[in-house]
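Let's take a friendly walk through this structure, stopping at a few places along the way. Please have the sequence and the 3D view open as you read.

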Amino acid sequence: MIVALLNQKGGVGKTTLATHLAGELSNGGKSVVVIDADPQGSALDWAQTRSQAGWRRRFGVVGLARETLHEEVPALAQRADHVVIDGPPRVTALARSAILAADLVLVPVQPSPFDVWASSEIVALVNEARLYKPWLKSAFVVNRRVVRTVIGREVRDALAESVSAPMPVLAAAVSQRIVFAEAAATGRLVGEIDDDCAAAQEIARLGDEVRGWLR
């Protein structure tokens with residue numbers, strides 16, 4: 001199954017979610033490939049840092065920032081249990097290609113009114129893609145939620161009520177925590193730093209929910 005993480009707004013934590021979701025989906029011996037479709041190559045940088053540090057390889061990371069993504073990814077998917085696409089930060093032909101390649105599109109959104117308003121373009125692209133793939137699934141995932149804040153609690157309602165964003169919101173939300181920055185800098189996943197920390201528990205819940213969507 002192919003999961004694409006996309007949002008035209010930069011800085012929403014797509015790469016963090018993509019690598020951690022891939023780590024969760026790889027549990028139980030599953031074969032997972034991350035497609036770095038962001039020209040900035042952040043997932044590739046993370047994988048290189050991990051390799052240089054000598055950490056065990058959990059999943060493959062392949063750079064494929066091309067507009068032919070939807071034609072090339074299915075062949076990769078035949079050799080893996082799951083493919084996770086870390087999409088580009090803008091609405092482009094590349095983003096459209098990533099959507100067409102996917103079985104499930106996840107749109108990371110930070111708990112900010114600006115992020116909620118900015119989501120309309122990617123939602124429009126997903127709805128457009130359903131003309132060709134009626135079975136395409138999509139959902140918002142709240143990321144970088146600030147713990148114990150009103151806006152962190154209200155963003156789910158704001159997304160659900162937005163006329164321009166008629167998509168469900170995953171129950172699992174991921175909070176803003178320092179351990180994610182440590183993981184990115186060292187080429188690790190938060191569960192490898194502390195498998196009992198709050199961040200690792202949130203990622204585990206996200207992985208469980210995504211598995212349910214992929215069935």
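Please keep in mind that this is a predicted model. Setting aside its neighbours within four places in sequence, D36 is in contact with G41, S42, A43, L44, V62, G63, L64, A65 and D86.

D36 is a buried residue, and it has no salt bridge. Which side chain of opposite charge is nearest to D36? That is K14, 7.4 Å away. What the side chain of D36 does reach is backbone: the nitrogen of D38 at 3.1 Å, and the nitrogen of S42 at 3.4 Å. S42 is also one of the residues listed in contact with D36.

Next, turn to a pair of helices. Helix α3 spans residues 69-77 and helix α4 spans residues 93-101; they pack at an angle of about 35 degrees, with their axes 8 Å apart. Their crossing is right-handed. On the α3 side, the contact is made by L69, H70 and V73, while α4 contributes L94, S97, A98, L100 and A101.

The last stop is R144, in the loop between β6 (137-142) and α7 (150-161). Most residues other than glycine have a negative phi. R144, although not a glycine, has a positive phi of about 55 degrees.

Conventions. Residues are numbered from 1 along each chain as its sequence is written. This is a predicted model: local features need pLDDT of at least 70, side-chain atom pairs count only at pLDDT 80 or more; totals for chains, interfaces and linings use all residues. Side-chain values use heavy atoms; hydrogens and water are left out. Buried means under 20% relative accessible area, exposed over 50%, partly exposed in between (1.4 Å probe, protein chains only). Lys and Arg count as positive and Asp and Glu as negative; His and the chain ends are not counted. A salt bridge is a side-chain nitrogen of Lys or Arg within 4 Å of a carboxyl oxygen of Asp or Glu. A polar contact is a pair of N or O atoms within 3.5 Å; within protein, one must be able to donate a hydrogen and the other to accept it, and residues adjacent in sequence count only if both atoms are side-chain atoms. Contact means heavy atoms within 4.5 Å. Helices (H or I, at least four residues) and strands (E, at least two) are DSSP runs, numbered from the N terminus. Axes are lines fitted to C-alpha atoms, for helices over the stretch in contact, and angles run from 0 to 180 degrees between N-to-C directions. A crossing is left-handed if the near helix is turned anticlockwise from the far one by less than a right angle, and right-handed if clockwise.
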